[in-house]
Amino acid sequence: MAVDELDTRILRLLLEQPRTSVREYARILGVARGTLQARLDRLERDGVITGSSPSLSPAALGHPVLAFVHIEVTQGHLDDVGDALAAVPEIVEAFSITGGGDLLTRVVARDNAHLEDVIQVLISLPGVVRTRTEVALRERVPHRLLPLVEAVGRAARN
């Protein structure tokens, strides 16, 4: 899907001012409300915009420990294990990966003892061979998309 300069300006506004109305976005961008809405609809339909929910902090929800757990899975059981991971609320993301392991999960926990409990749940899942855990000490670059949107916008201008 081609993203043009107006699309990138819209995306930037969505990231910088997520609680602003469509009418206000249109005013800021100097475009008709209908034009803006049509662009938003297309960006959603094309999968560029994937949601509009608030960003939440696991730490503020009482889960300040962040770990990345690599999971090695018995051959042929990747889908089963992936489905089982969805039932573990402390797993906030899971990806199939290449390299050392089959799945990479992002896990949050209340403390290290709770993290160990979550890992024990993962180890006990049918099809899990072994896990390897890496605890995050400090976030160095928070999850962000604005620099990418800006790079895409620069490329669209050229």
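Two strands are taken to pair if DSSP finds at least two bridges between them. On that basis, this predicted model contains an open sheet of four strands in the order 2-3-1-4, with antiparallel pairing. Strand 2 (91-96) and strand 4 (128-135) are the edge strands, and each of them pairs on one side only. From one strand to the next, the twist averages 20 degrees.

**Pairing within the sheet**

Strands of a sheet pair through backbone hydrogen bonds, either parallel or antiparallel. Strand 1 (residues 65-73) pairs with strand 4 in the antiparallel sense over seven bridges. Within this pairing, Ile71 stands opposite Thr131, and Val73 stands opposite Val128. Strand 1 is also joined to strand 3 by seven bridges, and these two strands run antiparallel. Here His70 is found opposite Leu104 of strand 3.

**Helices on the sheet**

Helix 4 (residues 78-85) packs on the sheet and touches strand 1, strand 2, strand 3 (103-109) and strand 4. The direction of helix 4 makes about 15 degrees with that of strand 3. Helix 5 (residues 112-123) likewise packs on the sheet, with contacts to strand 1, strand 2, strand 3 and strand 4. Its direction makes about 160 degrees with that of strand 4.

| Residue | Relative accessibility | Class |
|---|---|---|
| Thr105 | 1% | buried |
| Thr74 | 34% | partly exposed |
| Leu122 | 0% | buried |

Thr105 lies in strand 3. Residues up to four places away in sequence aside, Thr105 touches Ala67, Phe68, Val69, Ile71, Leu85, Ile91, Glu93 and Ala94. Thr105 counts as buried because its relative accessible area is 1%, and the limit for that class is under 20%.

Leu122 has its place in helix 5. Beyond its neighbours within four places in sequence, Leu122 is in contact with Val69, Ile71, Leu85, Val88, Ile91 and Val128. With a relative accessibility of 0%, Leu122 is therefore classed as buried. Between Leu122 and Ala136, which are 14 residues apart in sequence, the C-alpha to C-alpha distance is 18 Å.

Thr74 belongs to the loop between strand 1 and helix 4. Its contacts, not counting residues up to four places away in sequence, are Gly127 and Val129. Thr74 is partly exposed because its relative accessibility is 34%, a value that falls in the class between 20% and 50%. The C-alpha atoms of Thr74 and Ser53 are separated by 35 Å, although the two residues are 21 residues apart along the chain.

**The largest pocket**

Rolling a probe the size of a water molecule over the atoms shows where empty space is left. The largest pocket holds about 1900 Å³ of space. It is lined by 45 residues, of which Leu15, Ser53, Ser55, His143 and Leu145 are the closest to its centre.

Several elements contribute to this lining: helix 1 (5-16), helix 2 (22-29), helix 3 (33-45), strand 1, strand 3 and helix 6 (146-157) each supply at least two residues. Helix 6 gives the most, with four residues. By residue class, the lining of the largest pocket consists of 28 nonpolar, 10 polar and seven charged residues.

Methods. Residues numbered from 1 in each chain as written. Predicted model: local features only at pLDDT ≥ 70, side-chain atom pairs only at ≥ 80, totals over all residues. Heavy atoms only, no water. Axes fitted to C-alpha atoms, helices over the stretch in contact; angles between N-to-C directions. Contact = heavy atoms within 4.5 Å. 1 Å grid on protein atoms, 1.4 Å probe; cavity = no way out; pocket = protein on both sides within 12 Å on 5 of 7 lines; lining within 4 Å. Points joined across faces, edges and corners; volume = space filled by probe spheres on them. Nonpolar A, V, L, I, M, F, W, Y, C, P; charged D, E, K, R; others polar. Buried < 20%, exposed > 50% of the residue type's maximum accessible area, 1.4 Å probe, protein only.
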